[in-house]
Amino acid sequence: MEEPNATGCLSAYDYGLKSPAPSTCTPRSKVSPCQYSDRLIPSRAATDLGTGLSLLEADENSFRGLNSSTATRGTPDDENKAVYDRLLRSELLGLTTPPTNGKGGDMDEPAILGTPERRSLFRYRSSPNSPLDDLAGQQPSQSASPLPLPLPLPLPFLSGGLMDSPAPPRPTTRKIPQEPCRILSAPRLEDDFYLNTLDCSGSDVLAVGLRSCVDTFCMHTGQAARLCDLGSCGNTVTSVTWAKAGNGTHLAVGTLMGEVQIYDVVTGRKLRSMGGHQRRVAALAWHGPFLATGSRDADISFRDVRLPDCHATCLRGHSQEVCGLKWSPDGQHLASGGNEGTILIWVPGSDVPVQRLAEHEAAVKALAWSPHRRGLLASGGGTADKHLRVWNALNGTCISSVNTCSQVCDLLWSQSTDEIVTAQGYSGNEVHIWRSQGLSKVATLSSHMARVLHLAASTDGQTIITGAGDETIRFWSVFPPCARPRAATAAAPPSQAIAGVGSSLGRLTIR
């Protein structure tokens, strides 16, 4: 304990921070300035890392030799330290060493550098001699120069031979915009769950059914045009779909009176009108020259439009309205969804479905085939079901399902990523993106003010188009471009695909 000072308080000196106050009894002598500071700053210019690692290993081996009588097997910490040492040796010196035998024993390594006579690892002054000359105890020559250390090599290349298993790949993330990149006003776009009145062609020309009219919009030029108006005969548009084969300028239009009309969009002329249904046609699906149509009379008609007599094969299997139709990418299967909640899988040439999928409890309008794996089908149920399901359509088993908490109005399977897009109705009015494996949610797009009824995708797969009951059409750039984009049409450029078709250009306006 320190002695109390004159004030009665204890005083102590921190000799590591300051010097004690000089005494008042003796005169202060002049101290010569010190040429060296009390801090030790080592100079590692002449330090050889290879020799240092060898010395550390030699000390470790001697320590193990002293304890060999009490320990016969290395601890996990020793094994981890050995792996870490090998990793450092590879990164800093570019030297590869064989892995351990898995029993914690010492490694038989070739001697890289001889053990020097002086066993100091660091030098505290710069040495003009070469490190190798100093270690060997020889006089340096005039031409001798220090041996530079090898440049560090990439860690994944060196660590591949040191670790037993490769490191897991880092997950790739992408930023998904939460706002649309373009908004179109679509007056008189019907707020009806059963209608399919929006589709995009291979030339990025959008076709939209607006009650009794069909308008087109070119995504490249921003031009809009009127294709047809059925109001003079008291008819309305219930479905539209583009032909995928040929030049891609033919559009099929389903009507309320059960009629199917085919138009040439370049000329604006109606090519033919086909009957066969007694009630509205709300589902259309092209595959090459073959057109499948589904109606509220619960029938599916299968036509070859190349035939002049418009012969139709009738497929019966649903008990209520046919809400959705989709061909598989290879054209070997046709999926149909009914208002009774049943999905039927058809094959060409047979009038009997090969699979019946009946786990949904509401209307199934939303259908989409996987472009990445054969036979994989996604489906969505209506208000009473609200489930998104992924099926193996080849054997009829349900692979996974998830409750989306709202009505599933439409589906789209991304061409560039293995993800599914759902258009949600009551009561979410959102757009969800799901991973197809496990059906975990990736993102939610909330911009529409009413239920989202329609989905389409651009040719490159990067942009999705949504149509909703709020009479707007929105474009979202959410996916990377496809490595192999969908085959685009080669007959007419997009600007010509709508030239001279009608006179009204104000039905779809950018805002």
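Predicted model: local features only at pLDDT ≥ 70, side-chain atom pairs only at ≥ 80, totals over all residues.
## Overall make-up

The protein contains four helices and 29 strands, and buried residues account for 43% of its 511 residues. When contacts between residues at least 6 apart in sequence are considered, 50% of them join residues at least 24 apart.

Strand E4, which spans residues 213-218, is mostly covered, with six of its six residues buried. Cys213, Asp215 and Phe217 point one way from E4, whereas Val214, Thr216 and Cys218 point the other way, and all of these residues are buried. In general, the strands of a sheet pair through backbone hydrogen bonds, in either a parallel or an antiparallel manner.

Strand E3 (residues 205-210) runs antiparallel to E4 and is joined to E4 by six bridges, with Val205 standing opposite Cys218 of E4. The two strands E3 and E4 form a hairpin that has two residues between them, and in this turn Arg211 adopts a positive phi of about 60°. E4 also pairs in the antiparallel sense with strand E5 (residues 224-229), here over five bridges, and Val214 has Cys228 in E5 as its bridge partner. The hairpin of E4 and E5 has five residues between the strands, and Gly222 in this hairpin takes a positive phi near 75°.

## Cysteines of strand E4

The count of disulfides in the model is zero, with a cut-off of 2.5 Å between cysteine sulfur atoms.

Strand E6, made of residues 237-242, is mostly covered, and six of its six residues are buried. E6 runs antiparallel to strand E7 (residues 250-255), to which five bridges join E6, and within this pairing Val240 stands opposite Val253 of E7.

These strands belong to an open sheet of four strands, which has the order E6-E7-E8-E9 and antiparallel pairing. At the edges of the sheet are E6 and strand E9 (269-274), each of which pairs on one side only. On average, neighbouring strands of this sheet are turned by 25° against each other, with direction ignored.

Ser295 lies in strand E11, which covers residues 290-295, and Ser295 is buried, with a relative accessible area of 0%. A polar atom of the Ser295 side chain lies 3.2 Å from the backbone oxygen of Arg279, and the side chain of Ser295 also makes a polar contact, at 3.1 Å, with the side chain of Asp297. If neighbours within four places in sequence are left aside, the residues in contact with Ser295 are His277, Arg279, Arg280, Val281, Glu321 and Val322.

Val322, one of these contacts of Ser295, is found in strand E14 (residues 322-327). Val322 counts as buried because its relative accessibility is 0%. With neighbours within four places in sequence again left aside, Val322 is in contact with Ala283, Gly294, Ser295, Ala298, Asp299, Ile300 and Gly337. The C-alpha atoms of Val322 and Ala363 are separated by 9.1 Å, although these two residues are 41 residues apart along the chain.

Technical notes. Residues numbered from 1 in each chain as written. Heavy atoms only, no water. Buried < 20%, exposed > 50% of the residue type's maximum accessible area, 1.4 Å probe, protein only. Pairing = 2+ DSSP bridges. Contact = heavy atoms within 4.5 Å. Axes fitted to C-alpha atoms, helices over the stretch in contact; angles between N-to-C directions. Polar contact = N/O pair within 3.5 Å; in protein donor to acceptor, adjacent residues only side chain to side chain.
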